[in-house]
Amino acid sequence: MRRSLLRWYRRNRRRLPWRERPSPYRTWISEVMLQQTQVATVLPYFERFLRRFPDLPALARAREAEVLRLWAGLGYYSRARNLLAAARRIASEHAGRIPEDLAALRSLPGFGRYTAAAIASIAFRKPHELVDGNVARVLCRAFAVFGDPSRKPASERVWELARELLARRAPGDWNQALMELGALVCRPDAPLCGDCPWRAHCRAFARGLQDELPESGRRSATLPVAVEALLLRRGDKVLLWRRSDQERLLPRHWSLPETRHVPAGTAGPELCRLRHSITRHRITLTLRAGSLPPGPIPAAARWVPAERLPDYLVSSLWRKAVDRAAVLPIG
Ligand code: SF4
C-alpha cells in the first residue's frame, strides 16, 4: 500500500507553489491558509502574502492590521493573528528559525496536533503521522473504520492507523500523498475508486461501503433524489455511460445510462427498484429494460461485456442495480 500510494503521488500530485519551492516558512504559511479552505481559494492569497512577507523576519516585524488586510476574505481570522504571534515568538525565542521539534512547535500559538505534525514531517522530514479530514476519510474507507472519525473511539483508531502506515523514510511525501488521495480521488461525495491506487486493498470498496463511510455524527438535511436508469443490452454487452463533470451525483463515474441521457421511447418495463444513500442524497433508483435503435451511440456511451462491468461500475449504487437485475453477481 505504501509503495503504490507513493508512486501514485509522484505521478499525480498537483504542482503547487509551496511544493515546488519548499521551505519551512512557505510550508507553514500554506498549511495555515489551507485549514478549512480550498486550494484554489488559497493560491492567490499565498502568492500575495509571500510577496509582502517573503520570510519569517518580515512577518515578525509586520503590523497586525496589515496581516489582517492581506487575510481579508480567507475567513477564520484567528489563524492570521496566531500566525503573527507565532512568528514573533519564533523570532524572539528561536532566533528566527522555525523549530523542528514537535513539542516546541506545539507550544507556539495556532499549532495544534495536525499543524505541528505537518510542519515537522513536510518541512523537516520528521516521522510524525497526521490526520486531517481527507486522511480520516481515506483511512475510514480503506480500513472500514465505523463511527464518527471526529470523535473517540474512531478518531483514536484513525490516528493509530496513520501511525502504523507512516512511510518513515519519506514522512512528508507520505502525509501529503494521503491528503492528496483524499482531495483528488477518495472524495467525500463520489470517490473515484476506478482511479484509486488502493482499490485492490480497500475494504470499503470490496464491501460496497464507500458511499457510507466515514460515518458522521452531524446530520445534514437529506435530499431525496429519483433516478431512472436503463439496462440496455446487445448480445452479452451492456451499455454504460460516462457521466460528465456537471452531474450532481457521481460525476466522472461510469454508470448505467439514465432515461434523460437517451432518446425518448428507449425505456421499457421496470426491472427493479432500490434505495441507496450517497452522503445526504437519498436515492430511489428505478431500473428499466429498454432497447436502443440501431446506429451510432453517443460519445459518452460504451458497450461493455457483462463480465467486465466490475471494472467500470465502482459505485455501490450501480453495482447493486446490476446485481439486482441479475446481469452478473457483482458483489
Ligand atoms: S478504493 Fe475508493 S473508497 Fe477505497 S480508498 Fe480508493 S477511492 Fe477511497
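Visitor: What kind of model is it, and how are residues numbered?
Guide: This is a predicted model, in which local features need pLDDT of at least 70 and side-chain atom pairs count only at pLDDT 80 or more, while totals for chains, interfaces and linings use all residues. Residues are numbered from 1 along each chain as its sequence is written.

Visitor: How many helices and strands are there in the protein?
Guide: The protein has 15 helices and six strands. Both are DSSP runs numbered from the N terminus, with helices being H or I over at least four residues and strands being E over at least two.

Visitor: And what does the C-alpha trace span?
Guide: Along its principal axes, the C-alpha trace spans about 75 × 40 × 35 Å.

Visitor: What share of the residues is buried?
Guide: Of the 331 residues, 34% are buried. A residue is buried if 20 or more other C-beta atoms lie within 10 Å of its own, exposed if 12 or fewer, and partly exposed in between, with C-beta atoms placed from the backbone.

Visitor: Ok, helices. How do α1 and α12 pack?
Guide: Helix α1 (residues 2-12) and α12 pack at an angle of about 70 degrees, with their axes 9 Å apart. The axes are lines fitted to C-alpha atoms, for helices over the stretch in contact, and the angles run from 0 to 180 degrees between N-to-C directions. The two helices α1 and α12 are therefore roughly perpendicular to each other. In this wording, angles under 35 degrees count as roughly parallel, over 145 as roughly antiparallel, 65 to 115 as roughly perpendicular and the rest as oblique.

Visitor: Which residues of α1 meet α12?
Guide: Leu5, Leu6, Tyr9 and Asn12 in α1 do, and their partners in α12 include Trp174, Ala177 and Leu181. Two residues are in contact if their C-beta atoms, placed from the backbone, lie within 7 Å. By class, the contact of α1 with α12 has seven nonpolar, two polar and two charged residues. Here Ala, Val, Leu, Ile, Met, Phe, Trp, Tyr, Cys and Pro count as nonpolar, Asp, Glu, Lys and Arg as charged, and the others, Gly among them, as polar.

Visitor: What about α9 and α12?
Guide: Helix α9 (residues 113-124) and helix α12 (residues 171-184) pack at about 125 degrees, with their axes 6 Å apart, and α9 and α12 are therefore oblique to each other. On the α9 side the contact is made by Ala118, Ser121 and Ile122, and on the α12 side by Pro171, Gly172, Asn175 and Gln176. This contact of α9 with α12 has three nonpolar, four polar and no charged residues.

Visitor: Switching to strands: how does β5 pair with β1 and with β4?
Guide: Strand β1 (residues 223-234) and strand β5 (residues 281-290) pair in the parallel sense over ten bridges, whereas strand β4 (residues 267-278) pairs with β5 in the antiparallel sense over nine bridges. Two strands pair if DSSP finds at least two bridges between them. In β5, Ile283 is the bridge partner of Val225, and His276 stands opposite Ile283 too.

Visitor: Which residues are closest to the ligand?
Guide: The ligand is surrounded by 14 residues, and the closest are Cys186, Cys193, Cys196, Cys202 and Gln210. A residue is near a molecule or strand if its C-beta atom, placed from the backbone, lies within 6 Å of it. The largest share of this shell, three residues, comes from α10. By class, the shell has eleven nonpolar, one polar and two charged residues.

Visitor: Is Leu139 buried or exposed?
Guide: Leu139, which is found in helix α10, counts as buried because 26 C-beta neighbours lie inside 10 Å. Not counting residues up to four places away in sequence, Leu139 touches Val145, Val158, Leu161 and Ala162.
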